[in-house]
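Hi everyone, thanks for making the time.

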Amino acid sequence: MDECEKRINQEREDRIKYHDDHLNPIRAQLKGIQEGLVKEKKTRIQNEKKIMQQIQEESQNMQDDITNEHKMRQQRMQDLDDQMTQDTDLTRSFLDRFETNATETANSYMGDLESELDNRFNHQDKILD
């Protein structure tokens, strides 16, 4: 029986060696593929984090630009409102002065005209008397 057991053990060792010889390269390839997958996964995660950070930064930049644009537009609107108010005040002031000057000139002209007419009537009255 020793001989049978010896042959069985030898057969088992030969089969194990045979399978190990054929399976070890496949196992090495699988290990390399698994390591590659793990490395690729880590790289993808890093890249995704980097992209998410870039998106966050770009979003913040856009929000800042929108806020700045809003403030600038509000300032421009305020400046325009101030300018329009100033222009309106200047126009109102000009029109008030123009009206005052025109009224004074018209009153002066009417006064001179009335005075001229009074002088003519007085002169005609003197001639007729």
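Let me start with a question: how many salt bridges does the count come to? For that you need the rule: a salt bridge is a side-chain nitrogen of Lys or Arg within 4 Å of a carboxyl oxygen of Asp or Glu. By this rule, we get nine salt bridges.

Before I show you some of them, a word on what we're looking at. This is a predicted model, so local features need pLDDT of at least 70 and side-chain atom pairs count only at pLDDT 80 or more, while totals for chains, interfaces and linings use all residues. Residues are numbered from 1 along each chain as its sequence is written, and side-chain values use heavy atoms, with hydrogens and water left out.

Okay, the overall picture. The secondary structure comes to one helix and zero strands; those are DSSP runs, numbered from the N terminus, with helices being H or I of at least four residues and strands being E of at least two. The radius of gyration is 54 Å, well over the 14 Å that the globule rule gives for 129 residues, so the chain is more spread out than a compact globule. That radius is taken over C-alpha atoms, and the globule rule is 2.2 Å times the number of residues to the power 0.38. Along its principal axes, the C-alpha trace spans about 185 × 15 × 15 Å.

So what share of the 129 residues is buried? The answer is 0%. Buried means under 20% relative accessible area, exposed means over 50%, and partly exposed is in between, using a 1.4 Å probe and protein chains only. The chain exposes about 12600 Å², and carbon and sulfur atoms supply 54% of that. Accessible areas here come from the Shrake-Rupley method with a 1.4 Å probe, and for residues only the protein chains shown count as cover.

Now back to the salt bridges. In general, side chains of opposite charge can pair when their charged atoms come close. Take K17 and D21, whose closest N and O atoms are 3.4 Å apart. They sit four residues apart in helix α1, which covers residues 2-128, so about one helical turn separates them. K17 is exposed at 52% relative accessibility, and D21 is partly exposed at 46%.

Next up, E40 and R44 meet in a salt bridge at 2.9 Å, N to O. These two are also four residues apart in helix α1, about one helical turn. Here E40 is partly exposed at 36%, and R44 is exposed at 51%.

Then there's E69 with R73, a salt bridge at 2.8 Å, N to O. Both lie in helix α1, four residues apart, about one turn of the helix. Salt bridges that share partners join E69, R73 and R76 into one network.

Last topic: patches. These are made of residues with over 30% relative accessible area and no salt bridge, with like charges joined within 9 Å and nonpolar side chains (Val, Leu, Ile, Met, Phe, Trp, Tyr) within 5 Å. L23, I26, L30, I33 and L37 form a nonpolar surface patch, with about 450 Å² of accessible area together. E57, E58, D64 and D65 gather in a surface patch of negative charge. One of them, D64, lies in helix α1 and is partly exposed at 33% relative accessible area.

Notes
Lys, Arg positive; Asp, Glu negative; His and termini not counted. Charge placed at Lys NZ, Arg CZ, Asp CG, Glu CD.
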